[in-house]
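This report reviews selected side-chain contacts and surface features of the structure shown below. Headings mark the topics.

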Amino acid sequence: MVNDVQHKTPRNPQLSSPFSFNSTTQRSLSSTPLKHQLRRIRVNSGVRLLLSIFFLNFVMSTAYGASRELLQGVPTVTTPRQEFYNKDLNTSILKFGCFRPKFCVPSGLCKRLNSRSTNSSRALSISSSSCDEKTEGLTYKDAGVDIDAGSELVRRIAKMAPGIGGFGGLYPLGDSYLVAGTDGVGTKLKLAFESGIHETIGIDLVAMSVNDIVTSGAKPLFFLDYFATSHLDIDLADKVIKGIVDGCQQSDCTLLGGETAEMPDFYAPGEYDLSGFAVGIVKKDSVIDGKNITVGDILIGLPSSGVHSNGFSLVRRVLERSGLSLNDQLPGGSVTLGKALMAPTVIYVKQVLDIVSKGGVKGIAHITGGGFTDNIPRVFPRGLGAAIYKDSWIVPPVFNWIQEAGKIDKAEMRRTFNMGIGMVLVIDKEAALRILGDGQGTNKMYCIGEVVSGDGVSYR
């Protein structure tokens, strides 16, 4: 695409254009249109053609050897072409490989790297790759969360308290086990403060704990919460607690009690922190522990509502980099970024227990921090891994935006986010076919992979 040339008045009033040759020569690309200049150099002999080439080289070297101060005065537009055109002849009279300035023009200027003039039909184009600032992809560790360090801490704790490492802790009680779990909602709270959406954060809190304990096949019995703030805002706390009650109702458990801690000067004004604790029960002969998983078993995935409650330290970095606000439309979506990111975590308790009751379930993984990469292998015996069928489920638009805006590698996405699947059940092949054939009404599920020999998670 050919653009005209236009110049903005430079900051130095003695120069009529950034392309002026000197203070005494007032004839410049803006004061005398380039079209008229070129017409004075008729390309009718080899000598004059050679002179015009040297002339144009001089013009370009003057322009791009100019200081940052001069270039900042040039309104520019990026185009993919790298040629200097004579539209009258419809030919390229001079072709450049790629201009590389001695410095990188500020990104705002790089986006408009063509000069345009209403008096000229010449265009100057430079590939944006020659000076655009290269932005490296973000990682969860860049955002301040080191998954490897967290795994190492769990390994050390397991030495002091053998048996730790599952999604829930089992305590023997007669012919049953009490299964307990605790969690929070992480820095999703930061977006709650910014968006003012507090009514659903309590659902997240309940979900993170009850979804963990149901992986053992346990039915949640009761839930306790911890709400801490510097100054108690009763109306705000009321919204949060109502969400917790809603979450307990969805998981068919009782809100048994909790703690409200008012700690002056400990939290920023208007902010608070949450923790949740859930206890459930399962018969000892009905515990789901993954020990019987074998090659060929099927992986059934239950869809998520979005990001759920993990990875928000990285999400907030992406949001900052994107330049968008929570009130802006989610690219590729039908809601705002705020609504998409604050969508409450799905509570899978009733759906999972219903599937378990049909038999054949050997292992269950709650896909939280660590994504498929770290969570699915937690339920496998040694020597077994997961082969995931790519494109076997619908990935919510919010993940596409996160990956593109943050320039995040696929492997990093898969190890940080649930990518649209919040719970994975490992089921015997025959039982899986029966369950998938029966359907789940409004509850969707996907056949997303199978168990294979080897370790880790691979994609097919």
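## Arg460 and its salt bridge

Arg460 is exposed, with a relative accessibility of 54% in this predicted model. Its side chain meets that of Glu450 in a salt bridge, at 3.8 Å from N to O. Glu450 belongs to strand S13 (residues 446-453) and Arg460 to the segment after strand S14 (457-459), so the contact ties together parts that are 10 residues apart in sequence.

Salt bridges with shared partners also join Asp148, Asp374 and Arg415 into one network.

## Other salt bridges

The count of salt bridges comes to 12. Side chains of opposite charge can pair when their charged atoms come close. One of the salt bridges is formed by Lys190 and Glu271, at 3.7 Å from N to O. This pair links distant parts of the chain: Lys190 is in helix H6, and Glu271 is in the loop between strand S7 (254-262) and S8, 81 residues apart. Lys190 counts as partly exposed at 38% relative accessibility, and Glu271 is partly exposed with a relative accessible area of 22%.

A salt bridge also connects Glu199 with Lys239, where the closest N and O atoms are 4.0 Å apart. Glu199 lies in the loop between H6 and helix H7 (201-213), while Lys239 lies in helix H8 (residues 234-250), so the pair ties together parts that are 40 residues apart in sequence. Glu199 is partly exposed at 40% relative accessibility, and Lys239 is partly exposed at 35%.

## Aromatic pairs

The structure has 5 aromatic pairs. In one of them, the ring centres of Phe193 and Tyr272 are 5.0 Å apart and the ring planes stand at 75°; the pair is edge-to-face because planes over 60 degrees apart fall in that class. Phe193 is in helix H6 (residues 188-195) and Tyr272 in strand S8 (residues 272-283), so that distant parts of the chain, 79 residues apart, are linked. Phe193 is partly exposed, at 22% relative accessibility, whereas Tyr272 is buried, with a relative accessible area of 3%.

The rings of Phe372 and Trp393 have centres 5.6 Å apart and planes at 50°, and the pair is therefore tilted. This pair, too, links distant parts of the chain: Phe372 is in helix H12 (residues 371-375), and Trp393 is in the loop between strand S11 (384-388) and helix H13 (397-406), 21 residues apart. Phe372 is buried at 3% relative accessibility, and Trp393 is buried at 14%. Elsewhere, Phe193, Phe227 and Tyr272 form one aromatic cluster.

## Charges over rings

Two arginines are placed over aromatic rings. Arg378 lies over the face of Phe167, at 3.9 Å from the ring centre. The charged end of Arg414 sits over the ring of Tyr459, 3.7 Å from its centre.

## Cysteines

The number of disulfides in the structure is 0. Cys248 is in no disulfide, and the nearest cysteine sulfur, that of Cys253, is 4.0 Å away. Cys248 is buried, with a relative accessible area of 3%, whereas Cys447 is partly exposed, with a relative accessible area of 31%.

Leu153 is found in helix H5, which spans residues 147-160.

Ile300 lies in strand S9 (residues 298-303). At 1% relative accessibility, Ile300 counts as buried because the term applies under 20%. Ile300 and Met423 are 123 residues apart in sequence, and their C-alpha atoms are 8.3 Å apart in space.

How values were computed: Residues numbered from 1 in each chain as written. Predicted model: local features only at pLDDT ≥ 70, side-chain atom pairs only at ≥ 80, totals over all residues. Heavy atoms only, no water. Helix = DSSP H or I, 4+ residues; strand = E, 2+ residues; numbered from the N terminus. Phe/Tyr/Trp six-rings, centres within 6.5 Å; stacked < 30°, edge-to-face > 60°. Buried < 20%, exposed > 50% of the residue type's maximum accessible area, 1.4 Å probe, protein only. Lys NZ or Arg CZ within 6 Å of the ring centre and 35° of its normal. Disulfide = S-S within 2.5 Å.
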